[in-house]
Amino acid sequence: MRYVNISIGTMDSFLMNKAVEEVRGMGYDIEYRNFDNTDLDEDPLFLAEAVEFISGADFVTIKVHGDTSYCKKFDKISNALQMHHVCMHLSCTDDCVTEAFRDYFLGTDDEYDLVMRYAVLGGDGNFISLIKWALNRFDGLDLEIDPPIRPSTEGVYYPGREVCSFQDYLSELDTSIPNIGIFFYQKQWVTGNLDNVDGLIRAVESLGANPIAMFFNTSEGKIDGSKGIKRILREDMTIDGEPVLDAIINTMSFSQTLIATPGTGDQVCDDNFFMDYGVPVLQAMTMVSTEEHWRDHLEGLIPAEIAYDVVHPEFDGQIITVPSSSTEVTEKGSRYYHSIKDRA
């Protein structure tokens, strides 16, 4: 089976890689590539190679933040999928975008819903089941597949201890020192990609404050039951009308208060809950580049990083700071976030 995983606006197509390697280790033949829109948009030769590989694929999964227009060359990918009748499943933070690409999935409604649950819930276990489903569907195998696993969608993380609910963690804090929220994506907790969060926790503690490292999904979710950042701030991080947090360090890219308009990439303000909450929000950048590349190049951030971690967050009124972490690559090609110690 030839399988392709693509991310648009999230730069994390590598999250599928570990699951692919595990299924390969079971003895199954998988021809696999993963692509991020930043790579597809910036290198014409890389794009041509990717389109050729996609054209011969059995199955393609695409995860989109906001809208497919974040990928400038998406029309070439879309044309290849349609011309070569490749089965593609797309999930997006905007339900309208997801629905617009339903017909690209060449399967039944039940199959579509199952794949959607695996893709949205995420994590190695769900991704392994997704790949096994694809092997059954496209290679005619008869593998046993586990049902979708529903991980926690929000909570508080601290190294070396079990995940806590917001209420349980807050009840244990020293009330005489400030509470600093550290916001990060739920998918990082699910995959254990947490070195950048650990670095911020250590930095906050060294300055004499309580780190409250909170993972969640930005929007409310029908499939996974996510509460979303707006409800968390108003329901869990507010007591008697007062904010629990004294400041927030946000590691999440893009604007959290804007909703993408399907098909155009235009954005409109929905509800600036950060302004309502009334505490400083610091934008800590997680680069897609390595620390070495960043230090060796005078320009610093690449254009995509400036868009995702500077321009978009400014719509929220956030205080733009410095890169606090990079994206490094293991010998096997897997990517992970790495804390930049002198910047956290």
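Asp271 and Lys230 pair up in a salt bridge, with their closest N and O atoms 3.7 Å apart; the term covers a side-chain nitrogen of Lys or Arg within 4 Å of a carboxyl oxygen of Asp or Glu. Lys230 belongs to helix 11 (residues 229-236) and Asp271 to the loop between strand 12 (267-269) and helix 12 (273-277), so the bridge ties together parts that are 41 residues apart in sequence. Helices (H or I, at least four residues) and strands (E, at least two) are DSSP runs, numbered from the N terminus. This is a predicted model, where local features need pLDDT of at least 70, side-chain atom pairs count only at pLDDT 80 or more, and totals for chains, interfaces and linings use all residues. Residues are numbered from 1 along each chain as its sequence is written, and side-chain values use heavy atoms, leaving out hydrogens and water.

Lys230 is partly exposed at 26% relative accessibility (buried is under 20% relative accessible area, exposed over 50%, partly exposed in between, with a 1.4 Å probe and protein chains only). Next come Arg234 and Asp276, whose closest N and O atoms sit 3.1 Å apart in another salt bridge. Arg234 is partly exposed at 39%, while Asp276 is exposed at 55%.

Elsewhere, Lys63 and Asp12 meet through their side chains in a salt bridge of 2.8 Å, N to O. Asp12 is buried at 3% relative accessibility, whereas Lys63 is partly exposed at 28%. Over the whole structure, the search turns up 20 salt bridges.
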